[in-house]
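Here are my notes on the model, as numbered points. Please read them with the structure open.

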Amino acid sequence: MIILEVTGLTKNFGGLAAVSNIDMKVNGGEVLGLIGPNGAGKTTFFNLITGVIRPTKGQVVYKGKDITGKKPHEIAEMGIGRTFQLNPLFPNFTILQNVLSSFQLRPRSTLLGTFFNTRVYRNNEAYILEQSLEILKLVGLDKVKDEMAQNQPHGYQKMLGVARALAIKPELLLLDEPIAGMNPDEIDNTIEAIKRTSHLGVTIILVEHNMKILEICNRVIVINFGQKIVEGLPQEIKENPEVIRAYLGSGHDTKH
Amino acid sequence: MSQATIILLVASCLNALILSSMYILLGLGFTFLFNIMGILNFAHGVIYMIGAYICFILASTVGINPWLAMLVSIIAMGLFGILLERFVFRPFLGNINLIIVVCIGIITVLKNAVSVSQTYTVQMTPPFVQGVFKVGIVSLSWERLLIFLIGVGLLILVLLFINKTKQGLQMRAVAQDKEGAILQGINVNYISALACVIACALAAVAGSLMGSYLTVNPYMGDDIMIKVLEILVLGGIGSINGVFFAGLIVGVMDAFLPIVVSGTQTQAIMMFAIVIILLFKPQGLFGKEVRT
Amino acid sequence: MGLMITVRDTASRRKNYIQIIICGILICFLAIVPLLTNSPYNLHIFILTLIYIIAAASMRFIMTSGQIPLAHGAFLGLGAYVSGILSKHFGISSWLTLLVAALVAMGVGTFISFPFARLKAFYYSMISLFFGVGMLQTIESFGKLTGGITGITGIPTLFHTASKVPFYYCFLALMLISLFILYRLEVSRIGWNLKAIEQSYLVAGSVGISVVQYRVLAVAIGCFFAGLAGGMYATYNVTISPSSFDMAATLWLIIYVTIGGMGNFAGPIIGTLVLFLLPQYYSGLKQYTPFISAAILFAVLYTFRDGLVSVPGLVVSFYKKRKKGRSKS
Amino acid sequence: MKRTGSTLLVTSIIMTAILVLSSLAGCAKTTSTKTSTTTTTTTAQPLKTYTIGLLAELTGFLGAYNTATVNEAQIAVDIVNEQGGIVVGGQNYLLKLVVENGQSTLDGTTAAANKLIFSDNVKIIIGPDAYFNSAVSGLCEQNKILHIAGYCTMQPDELDASTTWTFLGQAAAINYFTGALAYLKANYPNVKTVALTMPDDGSIPFFGAAVQKMVQDAGYTVAGNIIGYNNSATDFSPYSAKIIATGADACIACSGVVTPNGNILKNIRDAGSNMLFVICNSVIPKNYIQVAGAKEATNVVDCSAGYIGNPNPSSMLQEMIRRYQLSTQGADLVTLEYANPVYELVQLFKQTNSFDPQTLKTAFAGLTSIDTFYGTGTISGIKTFGINQAVSYPLPITTIDNGVATFRQYEPAIVP
């Protein structure tokens, strides 16, 4: 079943097109890799889907509903979680507080309930607390839960990003360069965590320019200069000449 | 249309030009500081006042040539700008609250220092030029023409500096994208100091001129401060050309509104005009839109 | 107590009890101030302090959402003028006007903040600054109703007694209630969402926090209490004039918050107390008093930039360090 | 949010400390003031002091000006004390001024008045300046404090039938205007229409209205509305242009300080108009010549503060001028707006031979004339203020031509 459908999505910054006319379908439960060299427009693509910026044209349909140009928090409410490539967290909260404050939607307390500290609110908070601890276990951060987020190593911060995204109980999870700038064993942990997450039945789209991510993807789409070059299974992509050119620069094929 | 009305209109146009040149002169320095260092320098009005006082004391108490006095006050305020950047702004960069507190500190000290040290007499810098000449039907004093000419002249100089010299271009780079500029290896501290010096020097020029046109008093900077903020916001954050148009708009309003309404209403109307403009164009007339 | 309490362990729960006890002692102390000082003038100063504590605390509440309300002084003025004009020219009971003043300020604040909530927080600061100045200029230009620059005198007071004691207790109660409400808001999820927005509106949006809604909420609540404080000021001081609600007033409120310490709920309270009561010692210096105030500002600013509330923390950590040093040697 | 508990703990301790200290200081202050007041009753000291409260705006936009006027009052007090103080009930008293700062705001002035009355426990208050009386008159009425204002702008609650304890001890805007109008009427028959200008500080609905009525009663037609200017404007030429455009024969600057009036005059002349310019406020002509420039300061009638060209100044005035010039390297006395009330008070003390405010008040209200530094003052004002408690005295009329000020005559300038 198709969970997300993007048709003719385009965004122009001034003259140049950061994303031009991208179509794609995402099936429920799959792990879709979205790879391409730096500046290919991958992050812009995420921002378009999650409503951080409005597309110039094209539309985004999520579970049959058109979500083009909706506000970020509305889109989050519909069950699309995401992580950020840079500063992916609330730096002045502890790890646990980061996750706690990411539980906004379900269970949700009314403003008045929150203010008057009603039983419902207290129960919600208690439930949220145990949920958060579970998520932290899932991504393997439960040991450092009371540390300041900003003092954590890069890998932990990235994982915290994932944990925060999971807190909204997403059905679709957008990971923006989850393993960029990690050392090998951090990468392995992260990939493990992503696998575990996808086994929970969460559909995942992840953006990377690191080819290593391919091993966990069911399907890969390659983007360059804001356009879709090829789409296919990981191993096909690996030997596709266009992709190689995109990565090693156009000077490459003249040597053959 | 009667003779009187025509004269009134022409005179008001001239007023608008003269006022605008003065406002732009002050607004430019302030906008520099904001765009380059991200600092709302609430002490700008006081710096203008101090510039005026240095010129006044040298010219009338010490008794040297007013032009020389103005030069000295420009240099003095320029140096003051360096100190300001190094010891006041740099330690608190990026925290607007601390900057505000430190600005208030400076304002309090300087203002009260002046008002305590000066005995109560009417204080005025000796005129730079004298006499009146006629343009068509209206007559204009050389003094005000001088203010206009110096204003415009300095603006052209500053523009040349920004667009032609290396430092100027670096300044614009920093104003547009600080991180990028740092990556390019631009010495941001040096550029900031430069901006401070320019801001203070321009304020000193304006102060000296107005000190001989109006009188000098410790509170002459307060009203200017608001005008300068108007110009910054109206012109748009991060745009240097915006200053000119904003200054022109404010000047025109200041010259024409008093003719139709009474004194304080002028201010009120202006404020709400600006608020309404911002409601429709929140990033200012020439600013880049930044959406959350 | 919301997010915090849910993650509290027993140790911090004890701290919590200590806090409650301290606050209790403080309140008791404030309750007997009128017995300690027999000069109406000192009581006058204390009453003003109470009013400005509300103003500063409400300002900090807005600031936790990353917006700097450069019109807060003006909203104080709005409240003061609304209650003053209503009770003087229309003969409405002062108690009622207090509420009306607060609600009017709240409404205006919401109206102003709404169009700018979706933009960078800085734009709100700017527009508010202009709105603030514009509002005062309007007040000045409607001489008939507001007395222009001169202001309004002879506003009906809450209690028709020469003694200031009833005012003191009434305002003490109002202050405690306001502070309690603001504190509850801060430690509840609402306060945490505001802090989250302040740290990164992108991330906040991505987890479903409505940035616009919460920013407007913050401004509305802050302005409500600003209006209340203004109303109290008018009905106590019987004279109000625009010059005491101008840009300088706002900036001084920011100073109370910053000198006290932005990071802590107690910050604005400490800041206001220090900067209000301390000048009473050197007020004999007449026109030289501002220099002392400025000196205090610089001293605090350059020694502890996190405000006075950070002092105990610094002291504690300093002694810990020394202990470590000793144990090593 | 780490260490919230301990932080709050210690901060609250600091808070408590501050509260204790300040309240203690408060008690200390009151006790000290107590002792200072008891000195007037115990017969321990041979020489006793009597404290008079002085409300002034030592900081803010009036700061420099009021610092000067307070010095004048202090000099007057010193002279009185050096002449042996004053004798009340057979006992010699030295006068003591206690000055409180109103910070140039109505609220600040209210606070200062509270301090004078409740903390310094004075029974007589002199001042404040400008339009701040409204903050004081009511208080003095409630607490039965004798209040002698230094200036008055006819705002509501400043001086009216309800403020029986308030006196106007020094010429106010309305006096200067009365004098100027009388001289204009007598010496410039060809003036028919006049333009009125004044600072737009909220006084237009009150002072402005009164002035307009007086002008019309005097048989002039007022050109257009009253032109209110913004005191802190950067450039006054728009207002000058507006004044010229009214096409009036003369422009009367009804009140306001030297900078705006001088600049409006300058800009009117620079714009090529030579209309008669009438200035009526305390500032001395010399200052206008300085601000407007010698060439521009021409065809001007000025009704200003009274001691200039005073043909027979009292010995005390001469002494004051001497001392003031000593202390300020030859600056002129400003307006004596606090010194005059002191001078009048001294006479009242001598007359009534008591410090009791009630007696002083009834005595003052009973008088028809009292001596001032500017000559004999008449006590009037029933028509203008609704109460007969304003002191007015002859004011000097000066005309300025090509930067030369020439003293013409004294106008009675008695407020109706």
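Predicted model: local features only at pLDDT ≥ 70, side-chain atom pairs only at ≥ 80, totals over all residues.

1. Start with helix 8 of chain C, residues 165-187.

2. Which residues of helix 8 of chain C are buried? They are C:Phe167, C:Tyr168, C:Phe171, C:Met175, C:Ser178, C:Leu179, C:Leu182 and C:Leu185.

3. Next, the interface between chains A and C. Chain A brings 31 residues into contact with 22 residues of chain C. On the chain A side, the elements that give two or more residues are helix 2 (72-77), helix 3 (95-100), helix 4 (111-116), helix 5 (119-139) and helix 6 (154-167). Helix 2 of chain A supplies the largest share, 4 residues. By residue class, the side of chain A that touches chain C divides into 17 nonpolar, 10 polar and 4 charged.

4. Now chain D as a whole. Chain D holds 13 helices and 17 strands. Of its 416 residues, 58% count as buried. Take the contacts in chain D between residues at least 6 apart in sequence: 66% of them join residues at least 24 apart.

5. Chain D is divided into two domains. Domain 1 covers 48-171 + 311-373, and domain 2 covers 174-304 + 397-411. How far apart are the centres of domain 1 and domain 2 of chain D? Taken over C-alpha atoms, 29 Å separate them. The contact between these domains takes 8 residues from domain 1 of chain D and 9 residues from domain 2 of chain D. The domain 1 side of this contact divides into 4 nonpolar, 3 polar and 1 charged.

6. D:Lys96 lies in strand 3 of chain D, residues 91-101. Is D:Lys96 buried, exposed or partly exposed, and why? It has 14 other C-beta atoms within 10 Å, so D:Lys96 is partly exposed. The cut-offs explain the call: a residue is buried at 20 or more such atoms and exposed at 12 or fewer.

7. Last, the surroundings of D:Lys96. Leaving aside neighbours within four places in sequence, D:Lys96 is in contact with D:Thr49, D:Tyr50 and D:Thr51. D:Thr234 sits 138 residues from D:Lys96 along the chain, and the C-alpha atoms of the two are separated by 41 Å.

Definitions and conventions:
Residues numbered from 1 in each chain as written. Chains lettered and ligands numbered in written order. Domains from an automatic or database assignment. Contact = placed C-beta atoms within 7 Å. Nonpolar A, V, L, I, M, F, W, Y, C, P; charged D, E, K, R; others polar.
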